[in-house]
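Here's a quick walk through the model, helix pair by helix pair and then residue by residue. Keep the viewer open as you read.

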Amino acid sequence: MPALTDKNAPVRPTVWIGLLPALVICLAAPALFVLQIAWLGWAFLALGMLLAWLLRGRLDGRGSAEASDSLSDPHAAGGVARPPSLVRDLSLIAIGMLIVSVIPLKAELDNWAMVRFTLALGGAVLVPYLISRYVYRDYAIRFPWRGGGKWTTFQWTWLVVVLALGWLILPFYFITSGVYTNWPVVNTPELIARLFAGVGAVGIWDELFFICTVFVLLRRHFPMWVANGLQAIVFVSFLWELGYQAWGPFLTIPFALLQGFIFLKTRSLAYVVTVHLLFDAVVFLVLVHAHNPGVLDGLFLV
């Protein structure tokens, strides 16, 4: 599958009209996950959908033509790709965020917490996908595993750079800021195994929801930099409640933007997941190191 680009993608005035409801929907994320005021976040979601509905006559089918063509499924709607609808696409994002908002996102490792995360996060990906495929029948959400083919030398190099940056930055961030205490103490083999599974599972989910769902849906209507900035608002807000606080946004904002950009260029879910899991592998080791002084002292500088 060819990489997505912004070449010849027109920016119509309707794009900027549609930005208002899209921004309101995405601003529900800081309300839900940073301020943790559920009613305020739900109000943003409702307002965003109301605005999209009121403006639907000036918006639907008028997103970025290039983005829409690249993301639509040729088998949808009887062999003809259904024109993108901002109302439909924003509703899928809102439904996903609403499902996530019903649980607290504080990192916990007990059985009920892991079941809770599995059901809520899994539902936030699965429900919008099923609605898009079987209710809206626009096939707007897909998960292209291999993307455009073999990884390039630059892509392999970037994986090494990600590991190096994680090794240099993450121990300093977690330990000096004290945010490692936002994760439970892991001082037994069972807890360490649970942490490893949890960190990896959430990392994969991040790419399924924030990139393959939120970013892709927004990209059907907006230029890359607009869609990427909007998805980063949602991505970073979720990570804040999860525990990446203090000066964490200085790390999570560029990470979210880079993941969106990389997916746009590679169209490879496998690659962005690999990047994320490598980064999260360092996060896991740092958390074990921080909660168990002396165990991994030789591995990190802090």
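## A right-handed pair: α7 and α11

Helix α7 passes α11 in a right-handed crossing (right-handed if the near helix is turned clockwise from the far one by less than a right angle, left-handed if anticlockwise). This is a predicted model, where local features need pLDDT of at least 70 and side-chain atom pairs count only at pLDDT 80 or more, while totals for chains, interfaces and linings use all residues. Residues are numbered from 1 along each chain as its sequence is written, and side-chain values use heavy atoms, with hydrogens and water left out.

Helix α7 covers residues 153-177 and helix α11 residues 269-291; their axes come within 9 Å and cross at roughly 30 degrees. The axes are lines fitted to C-alpha atoms, for helices over the stretch in contact, and angles run from 0 to 180 degrees between N-to-C directions. The two helices are therefore roughly parallel to each other (under 35 degrees is roughly parallel, over 145 roughly antiparallel, 65 to 115 roughly perpendicular, and the rest oblique).

What does α7 bring to α11? Among the α7 residues in the contact are Trp156, Trp158, Leu159, Trp167 and Phe174, and they meet a set in α11 that includes Tyr271, Leu278, Phe279, Val282 and His289. Contact here means heavy atoms within 4.5 Å. Sorted by type, the residues of this contact divide into 19 nonpolar, 4 polar and no charged. For that sorting, Ala, Val, Leu, Ile, Met, Phe, Trp, Tyr, Cys and Pro count as nonpolar, Asp, Glu, Lys and Arg as charged, and the others, Gly among them, as polar.

## The whole chain

Stepping back, the protein has 11 helices and 0 strands. Both kinds of element are DSSP runs numbered from the N terminus: helices are H or I with at least four residues, strands E with at least two.

Of the 302 residues, 51% count as buried (buried is under 20% relative accessible area, exposed over 50%, and partly exposed in between, with a 1.4 Å probe and protein chains only). The accessible surface comes to about 13400 Å², and 71% of that belongs to carbon and sulfur atoms. These areas come from the Shrake-Rupley method with a 1.4 Å probe; for residues, only the protein chains shown count as cover. Among contacts between residues at least 6 apart in sequence, 79% join residues at least 24 apart.

## A left-handed pair: α5 and α8

Now turn to helix α5 (residues 86-100) and helix α8 (residues 189-219), which pack at an angle of about 155 degrees with their axes 8 Å apart. That makes α5 and α8 roughly antiparallel to each other, and their crossing is left-handed. On the α5 side the contact uses Asp89, Leu90, Leu92, Ile93, Gly96, Met97 and Val100, while α8 supplies Trp205, Phe209, Val214, Leu217 and Leu218. The tally for this contact is 10 nonpolar, 1 polar and 1 charged.

Thr213 sits in helix α8 and is buried, with a relative accessible area of 0%. Not counting residues up to four places away in sequence, Thr213 touches Ile141, Phe143 and Leu208. Leu208, found in helix α8, is partly exposed at 23% relative accessible area. With neighbours within four places left aside, Leu208 is in contact with Val125, Phe143, Thr213 and Leu269.

Over in helix α11 you'll find Asp280. Is Asp280 buried or exposed? Asp280 is buried, with a relative accessible area of 6%. Its contacts, again leaving aside neighbours within four places in sequence, are Val199, Gly203 and Tyr244. Asp280 and Leu163 are 117 residues apart in sequence and 9.5 Å apart in space, C-alpha to C-alpha.

Arg137 counts as partly exposed at 41% relative accessibility, whereas Tyr139 counts as buried at 12%.

Val102 is in the loop between α5 and α6 and is exposed, with a relative accessible area of 57%. Val102 and Arg116 are 14 residues apart in sequence, and their C-alpha atoms are 9.8 Å apart in space.
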